[in-house]
Amino acid sequence: MSMERGLHTGSSSASLVDLLDRVLDKGLVVAGDISISLANVELLTIRIRLLVCSIDKAEQIGLNWWRNEPAFGGTRKTDGIGAGEVARLEARIAQLERQLKTKGG
């Protein structure tokens, strides 16, 4: 009887590995909405979208947000705004604020 359990467990884990391999290779999307209402008045709606796939598959379909996320070791892109540009914009804002004060008072 213990041999049967050992064989059964082996095939179950192989099936689980095969299933996981297929999910990561092809991808799996789970979508759902949760709505909370009171007296026919919708109070809260939560939309849930979950995508489970490998990194390779995610990049194939155009998902690579983790490359620009500092929390995941990436570097955030500034869309061409460097430190010099930020300093210039801050100086311009200060100048406009001074102009507003002189015209208003």
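Modeller: Let us begin with helix 3, residues 83–104, where Arg88 and Glu85 are 3 residues apart and so are separated by about one helical turn. Please keep in mind that the model is a predicted one.

Colleague: How far apart are the closest N and O atoms of Arg88 and Glu85?

Modeller: Both residues belong to helix 3, with about one helical turn between them. A salt bridge requires a side-chain nitrogen of Lys or Arg within 4 Å of a carboxyl oxygen of Asp or Glu. Arg88 and Glu85 form such a salt bridge, and their closest N and O atoms lie at 2.9 Å.

Colleague: Is Glu85 buried, partly exposed or exposed?

Modeller: Buried means under 20% relative accessible area and exposed means over 50%, with partly exposed in between. Arg88, with 46%, is partly exposed. Glu85 has a relative accessible area of 33%, so the class of Glu85 is partly exposed.

Colleague: What is the relative accessible area of Arg47?

Modeller: Asp33, at 49%, counts as partly exposed, whereas Arg49, at 53%, is exposed. The limit for exposed is over 50%. Arg47 is also on the exposed side of that limit, with a relative accessible area of 59%.

Colleague: In what sense do strand 1 and strand 2 pair, and over how many bridges?

Modeller: The two strands form a hairpin with 2 residues between them. Within the pairing, Gly32 stands opposite Ile48 in strand 2. The sense of the pairing is antiparallel, and the number of bridges is 11.

Colleague: Which residue in the turn of the hairpin has a positive phi?

Modeller: Strand 1 covers 28–38 and strand 2 covers 41–52. The turn lies between these strands, and a positive phi of about 55° belongs there to Ala39.

Colleague: Which strand gives the largest share of the nonpolar patch?

Modeller: The patch on the surface is formed by Ile34, Ile36, Leu38, Val41, Leu43, Leu44, Ile46 and Ile48, with about 690 Å² of accessible area together. The elements that give two or more residues to the patch are strand 1 and strand 2. One member, Ile46, is partly exposed at 36% relative accessible area. The largest share, 5 residues, comes from strand 2.

Colleague: What percentage of the residues of the protein chain count as buried?

Modeller: The protein chain has 3 helices and 2 strands, which follow the pattern α-β-β-α-α along the sequence. Among contacts between residues at least 6 apart in sequence, 20% join residues at least 24 apart. Of the 105 residues, the buried percentage is 4%.

Definitions and conventions. Residues are numbered from 1 along each chain as its sequence is written. This is a predicted model: local features need pLDDT of at least 70, side-chain atom pairs count only at pLDDT 80 or more; totals for chains, interfaces and linings use all residues. Side-chain values use heavy atoms; hydrogens and water are left out. Helices (H or I, at least four residues) and strands (E, at least two) are DSSP runs, numbered from the N terminus. Buried means under 20% relative accessible area, exposed over 50%, partly exposed in between (1.4 Å probe, protein chains only). Contact means heavy atoms within 4.5 Å. Patches are made of residues with over 30% relative accessible area and no salt bridge: like charges are joined within 9 Å, nonpolar side chains (Val, Leu, Ile, Met, Phe, Trp, Tyr) within 5 Å. Accessible areas come from the Shrake-Rupley method with a 1.4 Å probe; for residues, only the protein chains shown count as cover. Two strands pair if DSSP finds at least two bridges between them.
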